[in-house]
Amino acid sequence: MKTSPIENNGLQDSEAVGEGNKPWLLPSTVKIGLSGCKILKRSIIITLENKFEYDQIKELLDSIMYQKKLMNCYGLDTVNCNWDLKKFPVTRTDTQMNGIQRDIQKYNETVCQYNDYSKRLGLEYGIDIVNEMKKGCNIIFRPPSNS
């Protein structure tokens with residue numbers, strides 16, 4: 001099992017990475033601006049031991065990203081979970097409305113599947129994903145190393 005939290009601890013970007021001072025080595029670190037201050041968001045990287053687990057979580061995430069584009073067309077702001085009813089399409093038939101309802105239901109089900117699977121993987125690898133995300137951490141799943 002490999003997990004590695006990444007945290008900057010208030011260092012400047014150029015000081016964050018000791019190996020050649022290459023800040024691009026930390027792609028999972030995100031800058032957040034708060035009243036002129038720069039805070040780096042903590043990330044937890046979970047390197048999965050099983051290729052099947054990684055493929056499964058990647059497939060769910062890819063499906064969510066595809067469906068997210070469709071939800072944006074329907075007027076859903078997926079970041080804030082708010083609907084913009086002006087963008088919601090006007091349907092002419094019940095069949096069109098049923099298709100939109102199926103798309104929305106499929107998106108919700110896929111998000112639930114992803115959340116459940118990531119929680120299960122987190123427990124399997126000793127990380128309380130829900131608690132870490134409440135703290136504002138990014139959770140990143142990586143494929144197993146080929147070693």
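**Packing, pocket and selected residues of the predicted model**

Leaving aside residues up to four places away in sequence, Phe-141 touches Ile-46, Leu-48, Tyr-54, Ile-57, Tyr-114, Ser-118, Leu-121 and Ile-129. The structure in which these contacts occur is a predicted model. Phe-141 also belongs to the largest nonpolar core, which has 21 residues. Together with Ile-46, Leu-48, Ile-57 and Leu-121, Phe-141 is one of the residues that touch the most other members of this core. Two or more residues of the core are given by each of strand S4 (43–47), H2, H3 and S7. The greatest contribution is that of H3, which supplies six residues.

The overall architecture was examined next. Four helices and seven strands make up the secondary structure of the protein chain. Read from the N terminus, the order of these elements is β-α-β-β-β-α-β-β-α-α-β. The protein chain has 147 residues, and 27% of them count as buried. When contacts between residues at least 6 apart in sequence are considered, 63% of them join residues at least 24 apart. The accessible surface of the protein chain amounts to about 10500 Å², and carbon and sulfur atoms account for 52% of this area.

The largest pocket holds about 770 Å³ of space. Its lining consists of 23 residues, and those nearest the centre of the pocket are Leu-61, Ile-64, Tyr-114, Asn-115 and Met-133. Helix H2 (51–73), helix H3 (94–124), helix H4 (129–134) and strand S7 (138–142) are the elements that each give two or more residues to this lining. H2 provides the largest share, with eight residues. In terms of residue class, the lining comprises 14 nonpolar, four polar and five charged residues. Tyr-114, one of the residues nearest the centre of the pocket, is also among the contacts of Phe-141.

Gln-67 is located in helix H2. Its relative accessibility is 7%, and Gln-67 therefore counts as buried, the limit for this class being under 20%. Apart from neighbours within four places in sequence, Gln-67 is in contact with Lys-106, Tyr-107 and Thr-110. Gln-67 and Asn-108 are 41 residues apart in sequence, while their C-alpha atoms are 9.6 Å apart in space. Glu-109, by comparison, lies in helix H3. With a relative accessible area of 41%, Glu-109 is partly exposed. Between Glu-109 and Ile-64 there are 9.7 Å in space, C-alpha to C-alpha, although the two residues are 45 residues apart in sequence. Ile-64 is itself one of the residues nearest the centre of the largest pocket.

Two further residues were examined in loops. Cys-81 is placed in the loop between strand S5 (76–77) and strand S6 (82–83). Cys-81 has a positive phi of about 55°, although this residue is not a glycine. Most residues other than glycine have a negative phi. The relative accessibility of Cys-81 is 58%, so that this residue counts as exposed, a class that requires over 50%.

Asp-84 is found in the loop between S6 and H3. At a relative accessibility of 31%, Asp-84 counts as partly exposed. Once neighbours within four places in sequence are set aside, the contacts of Asp-84 are with Tyr-74 and Gly-75. The C-alpha atoms of Asp-84 and Asn-72 are separated by 9.2 Å, and these two residues are 12 residues apart along the chain.

Key
Residues are numbered from 1 along each chain as its sequence is written. This is a predicted model: local features need pLDDT of at least 70, side-chain atom pairs count only at pLDDT 80 or more; totals for chains, interfaces and linings use all residues. Side-chain values use heavy atoms; hydrogens and water are left out. On a 1 Å grid over the protein atoms alone, a cavity is a set of points where a 1.4 Å probe fits but cannot get out, and a pocket is an open set with protein on both sides within 12 Å along at least five of seven lines; lining residues have an atom within 4 Å of a point. Grid points are joined across faces, edges and corners, and a volume is the space filled by probe spheres set on the points. Ala, Val, Leu, Ile, Met, Phe, Trp, Tyr, Cys and Pro count as nonpolar, Asp, Glu, Lys and Arg as charged, and the others, Gly among them, as polar. Buried means under 20% relative accessible area, exposed over 50%, partly exposed in between (1.4 Å probe, protein chains only). Contact means heavy atoms within 4.5 Å. Accessible areas come from the Shrake-Rupley method with a 1.4 Å probe; for residues, only the protein chains shown count as cover. A nonpolar core is a set of buried Ala, Val, Leu, Ile, Met, Phe, Trp, Tyr and Cys residues joined through side-chain atoms within 4.5 Å.
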